Every structure is written in structure tokens, then in C-alpha cells.
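This report describes selected side-chain pairings, backbone angles and nonpolar cores. The sequence and structure are shown first.

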Amino acid sequence: MSSPATQTTATSISAVADASRLVAFALRPKQRPARDETYANLARRYREDDRFAELVRAVCVGLDLVVLDADDRHGLIVASTEESVFAVRISDYSRRTGSDGKAAERVLHALAHLGAATLAYPRPADLANPAYVGRVTVNGVESFVREACRRLGEAAVEEGQSVDPSADSPDLEAAWRVYQRRAATPGSGDGRRVYSSTIGMVSKALTFLADQGMLTRRSDDDGGTYATTSRYRVQVGEAGRRMFAELLSLGITEITDGTGSLTHVEWSEKDVNQL
């Protein structure tokens with residue numbers, strides 16, 4: 001017969017294994033509790049058992065991960081710190097998106113991600129609503145960002161800025177020049193999409209988000225139409241403070257979404273501070 005100490009040790013080992021298993025599920029971006037009973041049970045246990053939740057967070061600390069959220073739909077969502085082996089480096093992102101990783105392309109991809117998040121959640125209520133499903137398209141995001149850059153360009157001309165903005169200007173004010181210099185859809189000669197164009201880069205950025213379980217591709221309309229997932233909502237909420245603060249500092253509150261209508265970016269400084 002095993003001693004109480006042995007039984008306790010076995011129970012502890014089992015709990016550690018379960019906690020590690022839940023973290024492993026979280027690191028599979030397209031995995032959902034609805035598709036796996038074990039994942040569903042572990043996610044429920046995380047929410048209902050404080051000691052187990054503490055153990056899961058301890059496992060995450062050891063892996064340089066941070067728990068962002070957990071629920072029945074998306075399961076456990078974790079984010080990596082800069083030191084984590086699971087962090088997506090710019091070199092990894094460049095390889096996955098087929099870019100060369102140069103500074104100009106990093107800026108363009110960053111703007112594509114900013115445009116996608118802003119169109120997906122133009123209002124604070126959208127980002128705060130777990131049931132809200134946003135919709136973005138490749139053409140819409142590209143038009144959104146290009147129009148924002150056009151407006152920033154006009155503002156720079158009005159202010160007499162014929163050179164690059166000063167170092168203390170918002171990051172986006174410096175980035176718009178890079179985007180405007182890149183063609184939206186340069187021809188390949190045979191009708192194929194050129195991925196060095198801004199349309200191509202936006203397409204790659206949204207495909208990357210879909211591969212990470214952030215978006216779901218719905219159709220090929222408008223260059224590719226995607227719906228948001230709850231995983232994406234949590235990630236945008238986590239990173240949204242600086243992103244929306246930049247838009248507000250530049251006065252970007254109403255921009256075309258590529259469909260001929262206007263999208264209102266209804267974020268105030270108070271909204272940003274609450275993120």
C-alpha cells in the first residue's frame with residue numbers, strides 16, 4: 001500500500017502534467033476546446049480550480065509566457081515575453097510572410113497589422129464584446145492604411161514638412177512616407193499578385209494572422225475576406241493601448257475602409273487608458 005506522502009507526490013505530478021498539457025494546447029493557435037474534450041476539461045478546470053490555475057501560471061513563468069485569458073471558446077491564451085523560446089522573432093515572421101526583413105518592410109507589415117486591428121474593432125464596444133465578430137478584407141485594409149497615409153502626407157505639407165518628421169513625432173507619422181513610396185499593386189506581367197506590393201504585404205499579414213488562429217478566412221472576395229476570432233480580440237485588447245493612442249495623436253478618426261464608405265475610429269483618450 002502506498003503511503004500518503006507517495007499519493008500526494010503522485011497527485012502533484014499528475015497536476016503538473018495536466019497544467020503543462022493545458023499550456024501545450026494554448027501554444028497550438030488553431031486548437032479549440034470545442035474540438036478536443038481534454039482541452040475543454042482542462043480549460044474549465046483552470047477557471048474553476050484556483051490551485052490548478054496557479055500551477056498553470058507557474059508553468060508559464062518557467063517558459064517565459066504570460067496568461068492573457070481563458071474561456072470555453074478559445075481556451076487558454078498565452079503571450080510570450082521577449083526572452084521566451086516561443087516568441088515570434090522578426091526573422092521568423094519574415095520567413096513566414098516571405099519578406100526580406102528589411103526595416104522598410106517591417107514598417108509596412110506593422111501598418112498592415114495596425115490597419116487590420118483598427119478595421120476589426122473600430123469602436124471600444126466592439127473590442128469589449130466577447131460575442132462581436134469583426135470582418136476585414138485585404139483590399140479594405142490596404143485602402144484604409146493608404147488613405148491614412150495620404151491624410152498624414154497632406155497634414156505634413158500643410159505644416160511645411162518637406163523632410164522626414166522629427167524624432168519626437170508619433171511613429172506612424174514617420175511610417176506613412178515608407179508606405180506611400182511603395183506601389184499598391186505593381187504588375188507581375190502575368191497577373192499574379194506581387195508580394196512586395198502593399199496589397200501583397202497586407203495579404204501576407206492577414207494570412208499570418210489566420211495561421212495563428214487570430215482570423216478565419218471566409219472567402220476570396222476583396223482580395224481575401226476574414227472574420228475575427230476571440231483569440232484575436234484578446235490579443236488586440238492586450239496590445240491596443242499604444243496602437244489606438246497613435247491614431248488619436250494623429251487625429252485619424254474617419255477613414256475609408258475600401259468599400260466606398262467611411263469607418264469611424266471611435267476611440268477617445270479615456271477608452272485607450274482603460275485598456
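Asp126 is buried, at a relative accessible area of 2% (buried means under 20%, exposed over 50% and partly exposed in between, with a 1.4 Å probe and protein chains only). Asp126 forms a salt bridge with Arg123, and their closest N and O atoms are 2.6 Å apart; a salt bridge here is a side-chain nitrogen of Lys or Arg within 4 Å of a carboxyl oxygen of Asp or Glu. Arg123 is partly exposed, with a relative accessible area of 37%.

The model is predicted: local features need pLDDT of at least 70, side-chain atom pairs count only at pLDDT 80 or more, and totals for chains, interfaces and linings use all residues. Residues are numbered from 1 along each chain as its sequence is written, and side-chain values use heavy atoms, without hydrogens and water.

**Salt bridges**

The structure holds seven salt bridges, including those tabulated here.

| Pair | N to O distance |
|---|---|
| Arg123 and Asp126 | 2.6 Å |
| Arg135 and Asp222 | 3.9 Å |
| Arg217 and Asp220 | 2.7 Å |

Helices (H or I, at least four residues) and strands (E, at least two) are DSSP runs numbered from the N terminus. Arg135 is exposed at 52% relative accessibility, whereas Asp222 is partly exposed at 38%.

**Backbone angles**

Most residues other than glycine have a negative phi. Asp222, however, has a positive phi near 55°. Asp64 likewise has a positive phi, of about 60°; Asp64 is placed in the loop between α3 (50-62) and β1 (65-71) and is partly exposed, with a relative accessible area of 30%.

**Nonpolar cores**

A nonpolar core is a set of buried Ala, Val, Leu, Ile, Met, Phe, Trp, Tyr and Cys residues joined through side-chain atoms within 4.5 Å. The largest has 30 residues, of which Val136, Val141, Leu206, Leu215 and Tyr232 touch the most other members. At least two residues each come from α5 (103-120), α7 (138-158), α8 (171-181), α9 (198-211) and α10 (230-249), and α5 gives the most, with eight. Beyond its neighbours within four places in sequence, Leu206 is in contact with residues including Ala116, Thr137 and Tyr226 (contact means heavy atoms within 4.5 Å). A second, separate core of 17 residues includes Leu42, Tyr46, Val59 and Leu76.
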